[in-house]
Amino acid sequence: MQNDNWEGWEPEWLKLTEHFLRAPALPGAYIICANKKIHRAVGIDEHGILTIGESENLRRRLAAFVRCARKPGVSGHMAGWRFNYASFETVFPLDTLWVSWYPTLDKAAAYAKEGEMLALYLAQHFELPPLNYKFNWPKLEALAS
């Protein structure tokens with residue numbers, strides 16, 4: 001994703017399955033990435049972004065992703081469920097995924113940050129990351145200013 005401003009994202013990148021419990025129990029946005037590039041509709045996603053999300057509690061949300069990704073039929077995180085259901089594990093082993101998060105003051109700010117990151121991804125690749133299914137549609141012109 002052409003985002004030269006990763007300021008505020010922390011930590012830089014950590015292994016998801018080893019460090020998701022280090023995420024704060026605060027609102028924020030998060031990005032889960034593969035350990036390799038992904039060919040997209042337009043171009044190549046150099047970061048291997050699988051999903052961009054938001055939550056009012058990052059630690060709980062990332063734990064839900066891991067739980068759903070590991071166990072068939074478990075609910076609580078749609079991207080984690082899709083990861084398991086579509087057998088993403090065969091191409092992107094769960095223990096090779098990376099995570100970074102962006103803490104915010106409240107859920108509204110987390111939702112806005114998620115929308116910003118999804119809009120940047122969409123503008124570059126003309127599709128959403130493979131595990132995303134929703135888009136909160138901020139105006140793309142607003143991101144250009």
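Biologist: How do the residues of the lining of the largest pocket divide into nonpolar, polar and charged?

Modeller: The model is predicted, and the lining of its largest pocket comprises 17 residues. Among these, Tyr 30, Arg 61, Glu 114, Tyr 133 and Lys 134 lie nearest the centre of the pocket. By class, the lining divides into 6 nonpolar, 5 polar and 6 charged residues.

Biologist: Which element supplies the largest share of the lining of the largest pocket?

Modeller: Strand S5 (49–55), helix H3 (78–85) and helix H4 (107–125) each contribute at least two residues to that lining. The largest share, 5 residues, is that of S5.

Biologist: Is helix H2 roughly parallel or roughly antiparallel to H3?

Modeller: The axes of H2 (residues 58–70) and H3 come within 7 Å and cross at roughly 20 degrees. Because angles under 35 degrees count as roughly parallel, the relation of H2 to H3 is roughly parallel.

Biologist: How many residues of the contact of H2 with H3 are charged?

Modeller: On the H2 side, Phe 65, Cys 68, Ala 69 and Arg 70 take part, meeting Ala 79, Gly 80, Trp 81, Phe 83 and Asn 84 of H3. The residues of this contact divide into 6 nonpolar, 2 polar and, as charged, 1.

Notes: Residues numbered from 1 in each chain as written. Predicted model: local features only at pLDDT ≥ 70, side-chain atom pairs only at ≥ 80, totals over all residues. Heavy atoms only, no water. 1 Å grid on protein atoms, 1.4 Å probe; cavity = no way out; pocket = protein on both sides within 12 Å on 5 of 7 lines; lining within 4 Å. Helix = DSSP H or I, 4+ residues; strand = E, 2+ residues; numbered from the N terminus. Nonpolar A, V, L, I, M, F, W, Y, C, P; charged D, E, K, R; others polar. Axes fitted to C-alpha atoms, helices over the stretch in contact; angles between N-to-C directions. Parallel < 35°, antiparallel > 145°, perpendicular 65-115°, else oblique. Contact = heavy atoms within 4.5 Å.
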